Structure formats: structure tokens, C-alpha cells
Amino acid sequence: MDHFLYRDGVLHAEDVALPEIAAAVGTPFYVYSTATLERHFKLFDDGLAGLDHLICYAMKANSNQAVLKTLAALGAGMDVVSGGEYLRARAAGVPGERIVFSGVGKTRAEMRLALEGGVRQVNLESEPEMLALSEVAAGMGVVVPVSVRVNPDVDAKTHEKIATGKAENKFGIPISRASDVYAQAARLPGLKVVGIDVHIGSQLTDLAPYEQAFLLVAALTERLRAEGHDIRRLDLGGGLGIPYERSNQAPPLPTEYCDLIRRTVGHLGCEIELEPGRLIAGNAGLMVSSVIYLKSGEDRDFLILDSAMNDLIRPSMYASFHEIVPVAEPAPGIEPRRYDVVGPVCESGDTFARQRLMSPVQAGDLVAFRSAGAYGAVMSSEYNTRALIPEVLVKEDQFAVIRARPTFDEIINRDIIPEWL
Ligand SMILES: *Cc1c(COP(=O)(O)O)cnc(C)c1O
């Protein structure tokens with residue numbers, strides 16, 4: 001469910017009509033709904049009520065300061081995957097004790113940053129990283145709480161680029177090596193083992209891979225405890241999918257996912273950490289564009305928009321589907337048409353959808369891409385010297401620009417001409 005509905009024939013974000021935002025900031029732009037962000041966070045937070053838990057929003061999905069502040073105000077922790085994200089979380093007022101540091105390639109500089117500012121736990125992904133973190137921590141005279149990310153070798157049945165829990169993926173240590181690795185971690189001076197971490201992929205639409213992974217984590221918890229480790233936290237990652245295509249079968253609900261967690265690991269007395277990103281931000285955002293031209297090709301019609309692959313890369317990168325709807329509500333009974341929906345970038349890959357059946361639109365009309373709140377703005381670039389598009393946050397009847405469109409002067413002046421040129 002989201003808060004982007006037609007009202008009086010016009011698509012709204014909460015109580016704000018999208019043409020009003022378009023008039024104020026120009027197109028294209030991203031727009032996020034506060035109520036949807038809050039609602040999605042609470043689905044997890046309430047879903048685990050009664051279990052000791054912390055929902056650490058995976059901020060790589062959408063790391064705008066205003067989004068982070070919205071969630072932090074509800075008590076969210078953050079899952080960060082770089083030093084930059086760590087600083088972003090801190091800048092949004094998230095205390096160190098609510099920040100989990102994940103990621104396969106943390107540098108020593110990034111580790112130092114997190115240890116200086118304070119961190120709830122670092123999720124370790126390899127033995128060399130473990131040695132490096134212990135050295136950095138010991139050098140600073142601190143002991144850092146750690147979990148080790150185990151790779152349970154389960155098939156998440158999602159797009160290959162976002163599956164992370166198979167043996168062939170770069171993530172975590174094989175679960176079969178966990179005893180050795182935990183024994184080694186326990187001997188290192190800068191580390192204090194507190195838990196186990198697992199994250200098997202993103203956009204999962206089936207609970208079965210989760211069940212397999214969580215049962216393995218439960219068994220591992222018992223084994224590591226028997227081996228003398230104080231396992232008191234389980235970080236179960238993120239990855240729950242969202243319904244991009246409404247006609248498809250809906251992915252499992254967060255309540256079902258939380259019930260599965262209770263069933264598989266609830267008896268262990270561990271504090272549960274979750275790291276949802278996409279489910280919190282995905283359906284909380286739209287990308288709104290204008291139709292520049294309607295071009296009739298030999299055998300198809302092209303809808304040429306003012307947004308492109310640099311603004312929303314998911315279709316060209318993951319062949320992903322975004323519902324595209326006109327901002328002016330189509331009249332009932334109107335005959336849909338097929339379009340290839342494309343952007344102006346000089347690559348055939350700059351195609352949002354092929355032969356998409358949708359309500360007819362004309363040049364000058366506004367269209368909205370649904371489910372664009374996660375992995376949208378954060379993955380955008382200025383390819384073709386197209387300015388990063390603004391982000392807008394709506395709360396009831398108010399809206400605010402939360403990242404402005406840079407001017408072309410700003411973009412060009414970031415380059416530096418060498419003295420000798
Ligand atoms: C990307 C990522 C997440 C979030 O995944 P979503 O599919 O957005 O929920 C959580 N944890 C880790 C370690 C990740 O890399």
C-alpha cells in the first residue's frame with residue numbers, strides 16, 4: 001500500500017497534487033511520501049513486537065538526509081555499507097549505537113571512522129577483514145562488537161545481480177567454516193563476538209529461501225554457543241521484495257516474514273536485527289517525468305521522456321519493471337496503447353519499457369514511475385551531463401525539496417583544468 005492515489009482526476013502524493021510539485025521544481029523529479037516510509041518501517045517494528053529487536057534501515061536504498069531523519073525519529077537504526085553512509089547516518093542524527101556497519105570491502109580508514117564515531121556492531125565478511133578490524137581497533141585501544149556474515153549457500157531465486165547468499169557470491173564466509181572463523185575472532189584482541197549476520201539477497205518474493213537460511217542460522221547459534229561464544233544478536237539482513245508489477249503474485253507480507261522469524265529463531269533469546277531497504281523506501285517514491293515527444297516508428301510508437309537511464313537505472317541494469325502511469329487519471333474505459341518508453345540518452349539501453357500497454361498520453365503530459373523510492377535517486381548519475389534530478393518529500397499537504405537540482409555551472413565547475421593545459 002502507498003499514498004499515491006488519484007484524487008479529482010489527478011495523481012497525488014499524500015495531499016499534494018503532482019502537477020503542483022512539477023510546476024515548482026520542474027521535471028523530472030523524485031517524490032517520496034512520509035506516511036508510506038513511516039508505515040513500512042512500522043510493519044517491521046510492530047511485526048517483531050515482543051521480541052527484542054532493532055530495525056536497521058539499509059540506507060543504500062535511499063540515503064537522503066530527510067528520509068533518514070524521518071525513519072530515525074521512529075527509532076530506526078541504520079545499516080551502512082561505506083564510510084560515506086556512516087557519516088550520512090551520523091549527520092542525520094543517528095547515534096553510533098544504532099548503526100550497523102556491513103559490506104565486503106571496508107577499508108581501514110572506514111573502520112577508523114566508525115570506531116571514532118561509535119558503532120553498534122561491525123558485520124565481518126572475511127578473515128582478512130577480521131584481522132584488519134582487530135588491528136585497527138586494538139590500535140585505537142577499543143574493542144568492537146562484531147558479527148560474522150555467514151553465507152548459507154541458499155538460492156534466493158532473485159535477479160543474479162542481487163543474489164548474495166550462494167557459495168559463488170562474494171559475500172560472507174561459508175557457513176561450514178563458521179566454527180573456525182568464530183574461534184579465530186574470539187582470540188583477536190580488538191573484537192568482541194556478539195552475533196551472527198546473514199543477508200541472502202534483494203527483491204526476494206518467496207519465504208522459502210529465508211526459512212532455509214534462518215534455520216541454518218538457528219542451528220549455528222546453538223553450535224557456536226556450545227563452543228563457548230556469547231551469541232546474543234542475530235542480524236537477519238534485508239531483502240524482502242516489493243510488488244513492482246501489480247498483476248503479478250504479491251510477495252510475502254512483512255507480517256508473514258516476521259512470523260517466520262519468530263518461528264525459526266524466536267526461541268533463541270537473541271536480539272533480532274533486520275536490515276530492510278527496498279521494502280521501506282521502494283513504494284514510498286515515484287519518479288515523475290514529462291513526455292517530450294511521441295514518435296511513431298516503423299512498427300511501434302516511442303514515448304520519449306525527459307528522464308533517462310541516468311536518473312533511474314533499474315530497467316537497464318536489472319531489466320526491472322516499473323509501472324508507468326499518467327498523472328492525469330485516464331478516463332474510464334479508455335483504450336490502452338502500446339509504447340516503447342525511452343529516455344533521451346544516446347544508448348539503446350536507455351529504455352524503460354518495451355511494448356508497454358498503458359493509457360494513451362501526449363507530448364507535454366506528466367507520467368509517474370511507481371516503486372521508484374529505492375535504488376532510484378541513489379544510483380543516478382550525470383551521464384550525458386544531465387543534472388541529478390531533485391528529490392522532494394511530501395508530508396500531508398506540505399512538500400519540500402530535499403535535494404535540489406544542480407545548475408549546469410555547478411556541474412561544469414566541478415571539473416578542474418590543470419595549470420599546464
Ligand atoms: C542491500 C542490503 C540490504 C537491503 O536489501 P533490500 O533488498 O533493500 O532490503 C540489507 N543488508 C545488506 C548487507 C545489504 O547489502
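Visitor: How far does a backbone N or O atom of Gly 239 lie from an oxygen atom of the ligand?
Guide: This is a predicted model, where local features need pLDDT of at least 70, side-chain atom pairs count only at pLDDT 80 or more, and totals for chains, interfaces and linings use all residues. Residues are numbered from 1 along each chain as its sequence is written, and side-chain values use heavy atoms, with hydrogens and water left out. For the backbone atom of Gly 239, the distance to the ligand oxygen is 2.7 Å.

Visitor: Which residues come nearest to the ligand?
Guide: There are 14 residues around the ligand. A residue counts as near if one of its heavy atoms lies within 4 Å. The nearest are Lys 60, Ser 202, Glu 275, Arg 278 and Tyr 375.

Visitor: Which domains does the domain assignment give?
Guide: The bounds come from an automatic or database domain assignment. It gives domain 1 (4–31 + 282–412) and domain 2 (103–274).

Visitor: What area is buried between domain 1 and domain 2?
Guide: Buried area is the accessible area (1.4 Å probe) that two parts lose on being put together, summed over both. Carbon and sulfur atoms give 51% of it here. The area is about 930 Å².

Visitor: Which three residues supply 48% of the area that domain 1 buries against domain 2?
Guide: No other three residues of domain 1 supply more. They are Asn 283, Tyr 318 and Phe 321.

Visitor: How many salt bridges are there between domain 1 and domain 2?
Guide: A salt bridge needs a side-chain nitrogen of Lys or Arg within 4 Å of a carboxyl oxygen of Asp or Glu. Between domain 1 and domain 2, the count is zero.

Conventions. Polar contact = N/O pair within 3.5 Å; in protein donor to acceptor, adjacent residues only side chain to side chain.
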